[in-house]
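These are my notebook entries on the structure shown below. I set out to look up how its parts are arranged and where they meet.

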Amino acid sequence: MTNSSSPALPRRYPEPTPFVANLAEYILSSQEVWRMPDASGALKLDWNEGTLTHPVVVDAVSRFLSHAGVVNWYPDVTCRRVVEPLTKLLNVPTENILMFPGSDVALDALVRTFVMPGDEAILLAPTYDNFRIYVESCGAKVHHVNLADTLGFNVDEFVWRVEHLTSSPKIMYLVNPNNPIGYFIPPEEIRFLLSRFPETVMVVDEAYAEFAGSSSLPLIGEFPNLFVARSFSKAFALAGLRLGYLVSQSANLGHVNKVRNPKNISMLAQVGAQALLDRYELVQDYVDEVVAARSWFLEMMRSMGGVLFDSRANFVLMRVPEPKMVIQGLAESRIYARDRSYMAGLANMIRISIGTRSQMEQVVRAFQQLPTSLWRA
Ligand SMILES: Cc1ncc(COP(=O)(O)O)c(C=O)c1O
């Protein structure tokens, strides 16, 4: 109780850790679609999600809603509906897979397992910025490694730069195919890095691997320092259900499992993913369609004078004179793209996710309606 005669105390808040106090926030994409009463005509191409809803998922999830306990019980912590078909699809034993509610959560758990205050982390840049948050919040020092040619990868230059920055990187993060550029690092070069830095926790984020048609998963057995992170948000188009996983040697996953909360993967996520794993041809058809639409879009936009960069993922980077105005102009047609122009080495760049051919035709029409001076470099 306050005593009216005593002076009011200044209001005090608890202090976050110094690591969190100094953290620069991750910049989110537009949330406009969630404010629309009807977002069905909107093209959300700013966060590289899959661009369709699979009817088999909606069916399976809707039917499962009447299953006992789906809302009031904690979910099946074994995730067996997903893990069993996944081991067959990837040809990886069950003990090498650990499930999470999204690969973001997987990366966070992985970092909390291995990274201590004062450790040094190497992030091949430009990159997906959430990983920095996890590392810095553990008190480690992040080194962003930008190469002379920002838009490509050169393994020798990368190694040279890393070795000039630190003699003992605790953790290294490579997104492959890279986000936001879309280049692909071949497995031989990943292998070379794994052998060159055997003491380093090597994280290869393969959120977009299905679109590249190649993966580092076959290296898991050989390299105890390799962790591959994968997502159901992109090729499987299940971002809203939240599901992802780590693949590594079982001894590593045993450690990560101690900090993981297995209750966080909802039954709806499990059942939705199972529906697509049972009908994997639907995923493959979508991937094939996106890959074809990517080539078509690049060719079409280039033929109209656009400057776009090759990509092995479900997005492309484009250099435009007026990035903010282009993003705004597209948004007026309810097409959402991502401004990347504030990232180091990416001046004037915007990133556009690739969807189906008819969705990309819509994007081309929207560009045709914008003044060319805004987007022709
Ligand atoms: C490289 C990369 N990793 C991870 C994620 C997050 O994926 P998830 O939805 O599985 O958490 C993204 C999302 O954009 C990404 O680009």
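**Domains and a helix pair**

Entry 1. I began with the separation of the two domains: the C-alpha centres of domain 1 and domain 2 lie 25 Å apart. I note that the model is a predicted one.

Entry 2. I then looked up the domain bounds. The assignment gives domain 1 as 27-48 + 281-372, and domain 2 as 55-278.

Entry 3. Next I turned to the interface. I found 25 residues of domain 1 in contact with 21 residues of domain 2. The size of an interface is often given as the accessible area lost when the parts come together, and I looked up that value. Domain 1 and domain 2 bury about 1900 Å² between them, with 64% of this area on carbon and sulfur atoms. On the domain 1 side, I recorded V283, R312 and F315 as the residues that lose the most area to domain 2; together they account for 30% of what that side buries.

Entry 4. I also examined a helix pair, helix 11 (residues 280-303) and helix 13 (residues 357-369). Their axes come within 9 Å and cross at roughly 20°, which means that helix 11 is roughly parallel to helix 13. I recorded the crossing of helix 11 and helix 13 as right-handed.

Entry 5. Which residues make the contact of helix 11 with helix 13? From helix 11, I listed E289, A293, W296, F297, M300 and M301. From helix 13, I listed R357, M360, E361, V363, V364 and F367.

Note on methods
Residues are numbered from 1 along each chain as its sequence is written. This is a predicted model: local features need pLDDT of at least 70, side-chain atom pairs count only at pLDDT 80 or more; totals for chains, interfaces and linings use all residues. Side-chain values use heavy atoms; hydrogens and water are left out. Axes are lines fitted to C-alpha atoms, for helices over the stretch in contact, and angles run from 0 to 180 degrees between N-to-C directions. Helices (H or I, at least four residues) and strands (E, at least two) are DSSP runs, numbered from the N terminus. Angles under 35 degrees count as roughly parallel, over 145 as roughly antiparallel, 65 to 115 as roughly perpendicular and the rest as oblique. A crossing is left-handed if the near helix is turned anticlockwise from the far one by less than a right angle, and right-handed if clockwise. Contact means heavy atoms within 4.5 Å. Domain bounds come from an automatic or database domain assignment. Buried area is the accessible area (1.4 Å probe) that two parts lose on being put together, summed over both.
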